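Please consider the two-chain model shown below.

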Amino acid sequence: MRRPSPQKLMAFADDQLDSESAHHVSQSLRDYPEDQQTVEAFRQLGSFIRALEDEQECGPDLTNQIMQQVESCSTPPSKILFLRNKRLANWTGVSFIFAAAASMLLWRYSQSFAHLAPLATLSFSASHPLVRPAASFISNASLVEPSEISTEVETVDFGENLGKIFYLPGDAITTVIWVREKGETP
Amino acid sequence: MAPSNPQAKQAESEEDRALIEAAKKGDTRAFRCLVERHQHRAYAIAFAMVRNEQDARDIVQEGFLRVHRSLPNFAGNAIFFTWFYRIITNLCIDLLRKPGRKTMELATLDERADSLVPADCEFPLLQKFENGNPLETLHRAQVLKKIHDALETLSPLHRGAILLREVEGMSYEEMAEAMGVSQGTIMSRLFHARQKLQRALRDFYLESQNTNPLNHVAGDLK
């Protein structure tokens, strides 16, 4: 009969062999009594280690600390799942709304610029800080509108100063806004 | 200490499963019960591996936090304690691998120890213990102290393997799952760890025999 290896003897001592291998080892132990001692040595060592662990303190009680951490930094798992699903649903909805709004804007712009193409519209808003505060000074503004291009000017207010808007023709139209300082001669 | 017989382990596993199911539904008391059941064993394993009380405490706390976070993903048919000890073992290994930590290098030491040990080793200690009745001549406390010291010299992975087997009573299969390695690796680690412990005990025994004349008398009488 083949003599079992020390590792197999260890597995035998630990009851980790299948029944066939265990049977084989137990048979061989009769022929090799020193192997029996090896098996016992493994078991005895285990009992020493367990005795050592028994004598040692069982460690600190961390229950309260762990539960505090668990309760402070998390919600119940079932709620987490619910929130996770809800978050997913929210993000999907928001993404859809953004996509729809972007499509609408693109469509609106394409409609509003359709009759101007290829030229852009020059537009001033009365709410712009440059043109506030006085609509009453609109008379001070002097506009030079190009005759051959289609341009809309909603509101122009240079305040107390006089101003002019020039359109410089070329490959592309360049817009120049000239505002005179107070007291500056034209 | 973990239950040693299979029936008790099975019962414990069933109770763990019930607690996990309750904890999944948000039952805090069930989770607290899980903590109470496993914290000391987890601490023992963590301390055995990292050899530092504060680190072991941090690892146990982090381990339970991870368990709590992962509860929704925990498969009902899995065994809680192997899953949990794998988390603990991984946290220990992560800590030991941190740069600047003054400890034995996990991988190199483990491999070196495995490669140095001859295949045909001997375990002569027991023969002398049996024949010479050493428990009469050696103080139990001294033996345990020697084992404790010898455990200190083991690599963290070898120490972890010994603890999982001898104290937790895990099977090789469970240990392999808990440590994320093959059963062959587990057997190798266990074998070499035990061999080293046996050597330490043998040296201690021989030393005692030489220094205590009463032992020779006792040996002659046998």
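V143(B) counts as buried because it has 20 C-beta neighbours inside 10 Å; a residue is buried if 20 or more other C-beta atoms, placed from the backbone, lie within 10 Å of its own, exposed if 12 or fewer, and partly exposed in between. The residue lies in helix α8 of chain B. Between V143(B) and F204(B) there are 61 residues in sequence but 8.1 Å in space, C-alpha to C-alpha.

This is a predicted model, in which local features need pLDDT of at least 70 and side-chain atom pairs count only at pLDDT 80 or more, while totals for chains, interfaces and linings use all residues. Residues are numbered from 1 along each chain as its sequence is written, with chains lettered from A and ligands numbered from 1 in the order in which they are written.

**Chains**

- Chain B has twelve helices and zero strands, where helices (H or I, at least four residues) and strands (E, at least two) are DSSP runs numbered from the N terminus.
- Chain A has five helices and three strands, in the order α-α-α-α-α-β-β-β from the N terminus.
- Buried residues are 38% of the 222 residues of chain B and 15% of the 186 residues in chain A.
- Of the contacts in chain B with a separation of 6 or more, 71% are between residues 24 or more positions apart; two residues are in contact if their C-beta atoms, placed from the backbone, lie within 7 Å.
- In chain A, 40% of the contacts between residues at least 6 apart in sequence join residues at least 24 apart.

**Nonpolar core**

- The largest nonpolar core has 67 residues, of which I45(B), A46(B), I59(B) and I88(B) touch the most other members; such a core is a set of buried Ala, Val, Leu, Ile, Met, Phe, Trp, Tyr and Cys residues joined through C-beta atoms within 7 Å.
- Helix α2 (residues 28-50) of chain B gives the most to this core, with twelve residues.
- Leaving aside residues up to four places away in sequence, I88(B) touches A42(B), I45(B), A46(B), I59(B) and G63(B).

**Packing of α2(B) with α4(B)**

- The axes of α2(B) and helix α4 (residues 80-96) of chain B come within 10 Å and cross at roughly 30°; axes are lines fitted to C-alpha atoms, for helices over the stretch in contact, with angles from 0 to 180 degrees between N-to-C directions.
- This angle makes α2(B) roughly parallel to α4(B), as angles under 35 degrees count as roughly parallel, over 145 as roughly antiparallel, 65 to 115 as roughly perpendicular and the rest as oblique.
- On the α2(B) side, the residues that meet α4(B) are H38(B), A42(B), I45(B), A46(B), M49(B) and V50(B).
- Their partners in α4(B) are F81(B), F84(B), Y85(B), I88(B), C92(B), L95(B) and L96(B).

**Packing of α9(B) with α10(B)**

- The axes of α9(B) and helix α10 (residues 172-179) of chain B come within 10 Å and cross at roughly 135°.
- That angle makes α9(B) oblique to α10(B).
- G160(B), A161(B), L164(B) and R165(B) of α9(B) make this contact with M175(B), A178(B) and M179(B) of α10(B).

**Contact between the chains**

- The contact takes 45 residues from chain B and 39 residues from chain A.
- α2(B) gives the most to the side of chain B that touches chain A, with ten residues.
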